[in-house]
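We will go from ring to ring, then along a helix.

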Amino acid sequence: MPHQPLPAGLPAPNPAPNPASPPPSLRLASHPEMGPLRLSAFGLTLGLVTGLDFSSTLMMAVASQHIQGGVNATPSDYLYAVSAYAAAAVLMNMLLDQIARRITYKRFTMASLVVFVLGAILCAEAGSPTGLIVGKTVEGLGAGGLFAASRILVQLLTAPAERAPLLLRFGLGSFGLLAVTPWLTGIFLDEIGWRAVFLFQAVIALPVLALVALTYPRRGPRDPHPPVSTLDWPAALSAAAGALVLLHTLQEMRYTRFFSTPHMPLMAAAGLALLLFCAWRLHRHQDPWIDPSRLLGRRYLYGLGFYTLYYLLSAIWAYLLPTLTQSGLGLTFRTTSMLLSVSGTVSAIGAVVLTLCMAMVFRKRRVIAAGLVVYACAAMLLSQRLMPGAPDYALVPVVLLEGLTPVLLMIQVASMTYLDLPVEDFAHAYQFKNVCKQIASATGTGLASMWMQEGAATHRTHLVEHVTRFEPALQQGGGLSALDLAQLSQEVDRQATLLAGMDLLHGFALVCVLIAAFVLVQKSFR
């Protein structure tokens with residue numbers, strides 16, 4: 001399910017209070033002028049800002065075929081649009097801290113929302129692949145830093161004991177928007193057309209922009225003496241170019257085998273070289289705008305690894321579920337969207353419940369391992385439901401299980417990753433985490449597509465071998481008509497897709513179980 005893109009932002013980076021103690025009241029010592037009502041609206045707004053970033057990625061994934069056809073884009077053209085968004089998001093995550101410290105996080109968020117709206121309008125008005133690529137680049141520049149800015153702002157404004165009530169509303173806003181996005185996408189696409197997907201993004205961002213202006217603190221944290229007076233632009237530009245080349249190469253694995261031609265390995269090597277050049281420049285700089293040496297704690301590195309694994313798995317699932325339901329089972333786009341909304345609703349409810357009960361959740365490694373087992377169970381259950389003619393309600397238990405995984409996995413990882421980091425390093429930590437998210441998501445999508453293509457090709461060959469002249473349908477007088485042959489070919493393709501999906505889901509479940517075993521035995525992340 002396209003939790004592709006999901007908001008990993010509900011950490012409790014300090015020891016939880018006694019479960020028997022009453023819940024903390026909603027107030028901020030740093031902003032006593034903000035009453036409970038405004039603080040509640042502020043927390044929801046932080047979540048909605050985050051949800052805009054993830055919902056735009058989700059809607060782009062769910063409606064990919066409609067958008068691609070609307071602008072007459074080839075698969076390669078469409079991949080450039082997706083890669084341009086991801087690369088722009090990577091660049092903004094790397095520059096976020098420097099920009100926000102100069103103009104405050106409130107102004108950064110408002111400016112980003114304006115750019116996001118502009119990008120969505122450009123996408124809606126696009127009449128060619130080039131227009132879509134330009135629009136998605138602008139949209140990525142606007143949306144790329146929204147999630148990190150919101151979560152960093154929570155950390156800067158609150159004391160440890162004040163975060164839980166604010167994060168509760170943060171989770172409700174972010175997960176809630178993700179829950180309704182697929183449903184609205186299905187309605188808009190069926191009733192209006194592909195342009196409505198981007199128009200909806202622009203329309204929903206406008207009231208969020210107004211809420212930011214009204215609810216965010218008027219005197220936000222602003223550093224009058226930023227740590228770096230000028231950015232190292234060669235490093236920044238090489239990071240953006242490297243991310244674009246690498247992400248596009250990973251995305252292109254949907255259509256081309258990695259080692260089938262020298263082109264893709266060379267492009268991947270060029271992308272890595274540009275990123276290494278950026279790292280070299282930052283390492284040599286006397287006062288770098290991102291200092292990786294401050295983030296070498298074992299707990300953070302383990303958390304970053306688990307984050308990356310989660311986003312890799314969720315990207316694979318995000319590719320598989322719509323592909324198998326629509327191309328394999330023949331379900332409609334609206335039905336698939338409703339299934340995704342059911343999963344998102346479970347995630348939203350689970351996030352709220354878990355935040356309320358965070359103080360009572362101990363042995364978090366076991367919870368993470370349980371989440372991986374639930375992911376494996378969802379994959380195995382889906383593989384059993386991949387039968388021709390399967391009703392849509394047979395998939396409801398699958399999406400219910402999958403909807404629990406962000407709560408059991410991602411939120412638990414978030415609650416442990418930042419425990420050893422001081423507040424002043426939190427921005428750097430979240431920037432790197434979101435950069436890893438973009439790369440892991442692109443890698444997961446590319447690998448899933450590549451494995452599905454290889455599996456479908458293999459099964460298609462085996463199925464065709466069984467279509468012989470001894471088949472009853474081929475022994476009819478006069479042979480098969482062109483329509484009959486087309487239907488037979490479609491059925492072979494559908495069966496090959498289902499069989500390849502079953503193989504991939506079995507491998508997915510096995511990987512989840514192996515990672516769960518590793519989580520239980522390792523001792524560095526607890």
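Are tryptophan 317 and phenylalanine 508 buried or exposed? Both are buried. Buried means under 20% relative accessible area, exposed over 50%, and partly exposed in between, with a 1.4 Å probe and protein chains only.

First, some ground rules. This is a predicted model, where local features need pLDDT of at least 70 and side-chain atom pairs count only at pLDDT 80 or more, while totals for chains, interfaces and linings use all residues. Residues are numbered from 1 along each chain as its sequence is written, and side-chain values use heavy atoms, leaving out hydrogens and water.

Now the rings. The whole structure holds 16 aromatic pairs. Rings of Phe, Tyr and Trp (its six-membered ring) pair if their centres lie within 6.5 Å; planes under 30 degrees apart are stacked, over 60 edge-to-face, and the rest tilted. Take tyrosine 300 and tyrosine 418. Their ring centres are 6.2 Å apart and their planes meet at 45°, so this pair is tilted. The two residues are 118 apart in the chain. Tyrosine 300 is in helix H11 (residues 298–328), and tyrosine 418 is in the loop between helix H14 (396–417) and helix H15 (426–466). Helices (H or I, at least four residues) are DSSP runs, numbered from the N terminus. Tyrosine 300 has 3% relative accessibility, so it counts as buried. Tyrosine 418 has 1%, so it is buried too.

Return to tryptophan 317 and phenylalanine 508. Their ring centres lie 6.0 Å apart with planes at 50°, so the pair is tilted. This pair also links distant parts of the chain: tryptophan 317 is in helix H11 and phenylalanine 508 in helix H16 (residues 482–521), 191 residues apart.

Some rings group together. One aromatic cluster includes Phe54, Tyr300, Tyr307, Tyr311 and Tyr418. Lysine 433 lies over the face of tyrosine 307, 5.0 Å from the ring centre. The charged end of lysine 437 sits over the ring of tyrosine 311, 5.9 Å from its centre. A charge sits over a ring if NZ of Lys or CZ of Arg is within 6 Å of the ring centre and within 35 degrees of the ring normal.

Finally, follow helix H11 itself. Of its 31 residues, 22 are buried, so H11 is largely enclosed by the rest of the structure. After H11 comes glycine 330, with a positive phi near 75°.
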